Amino acid sequence: MPSVMGLLEEGERAARQRVEVLQAELREAEAALERFVIARETVGQVLAEPSGRGDAPVTVSDGRERPVVGAVPGSVVPVWREGLDVGVLAPDYRRIMAIVADRGGEAVDCRQLAAALGLAVVPAKVEGVRSKVKRLAARGWLAETVPGRFSEAAGPGGGS
């Protein structure tokens, strides 16, 4: 028959081990919470900063007006506004703009752009081009005339 003191010591050891495990889990949960709080505060500060842009609405291909959302600091593709030229864009985006400009107003699809950029016309490459072209269109540099076909926007091409 086990002694009472032995049973109590065994119970105490088990409880101590459980407390140590729970304390480690608590430390991990508190660290995760702290990261989320910092991330939320940082995003709130970035979004609260003035971006120096006008909030003029832009008419999209289906005729509806949508506000142009400004680029956050450090973004690769700023929202197009009067006075900006393609020189502010990253080299890949400038190449896309040059190809579209050389088309003389004719709309181009992403496969044609991938080929003109010297990329293999395979889904992975075409989707990479599509994401860049969609970003340019969303920020006013290009116009998506029909779904999947892009041409110069009135502003950047100088045809305002």
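## Close-ups of a predicted model

**View 1. Strand β3 meets strand β5.** β3 and β5 (residues 149-152) pair in the antiparallel sense, with 2 bridges between them. Two strands count as paired if DSSP finds at least two bridges between them. Helices (H or I, at least four residues) and strands (E, at least two) are DSSP runs numbered from the N terminus. Across from V108 you'll find F150 of β5. This is a predicted model, where local features need pLDDT of at least 70 and side-chain atom pairs count only at pLDDT 80 or more, while totals for chains, interfaces and linings use all residues. Residues are numbered from 1 along each chain as its sequence is written, and side-chain values use heavy atoms, with hydrogens and water left out.

View 2. Axes here are lines fitted to C-alpha atoms, for helices over the stretch in contact, and angles run from 0 to 180 degrees between N-to-C directions.

**View 3. The β4-β5 hairpin.** β4 and β5 run antiparallel and are joined by 4 bridges. They form a hairpin with 2 residues between them, and G148 in the turn has a positive phi of about 90°. A143 has S151 of β5 as its bridge partner. As background, side chains in a regular strand alternate between the two faces of the sheet.

View 4. S151, in strand β5, is buried, with a relative accessible area of 7%. Buried means under 20% relative accessible area, exposed means over 50%, and partly exposed is in between (1.4 Å probe, protein chains only). Not counting residues up to four places away in sequence, S151 touches V100, G105, E106, A107, L142, A143 and T145. Contact means heavy atoms within 4.5 Å.

**View 5. G105, in the loop between α2 and β3.** G105 is partly exposed, at a relative accessible area of 49%. Setting aside neighbours within four places in sequence, G105 contacts S151 and E152.

**View 6. Helix α2 against helix α4.** Helix α2 (residues 91-102) and α4 pack at an angle of about 80°, with axes 11 Å apart. That makes α2 roughly perpendicular to α4. The classes go like this: under 35 degrees is roughly parallel, over 145 roughly antiparallel, 65 to 115 roughly perpendicular, and the rest oblique. On the α2 side, D92, Y93, I96 and M97 make the contact; α4 supplies K132, V133, R135 and L136.

**View 7. A115 in helix α3 (residues 110-116).** A115 counts as partly exposed at 45% relative accessibility. A115 and V126 are 11 residues apart along the chain, and their C-alpha atoms are separated by 8.8 Å.

View 8. pLDDT, the predictor's confidence in each residue from 0 to 100, stays under 50 over residues 52-56, for which the model has 7 contacts beyond four places in sequence. Residues 68-74 also stay under 50, and there the model has 15 such contacts. For the protein, mean pLDDT is 80, and 78% of residues reach 70 or more.

**View 9. Zooming back out.** The protein has 4 helices and 5 strands, following the pattern α-β-β-α-β-α-α-β-β along the sequence. Of the 160 residues, 19% are buried. Among contacts with a separation of 6 or more, 43% link residues 24 or more positions apart.
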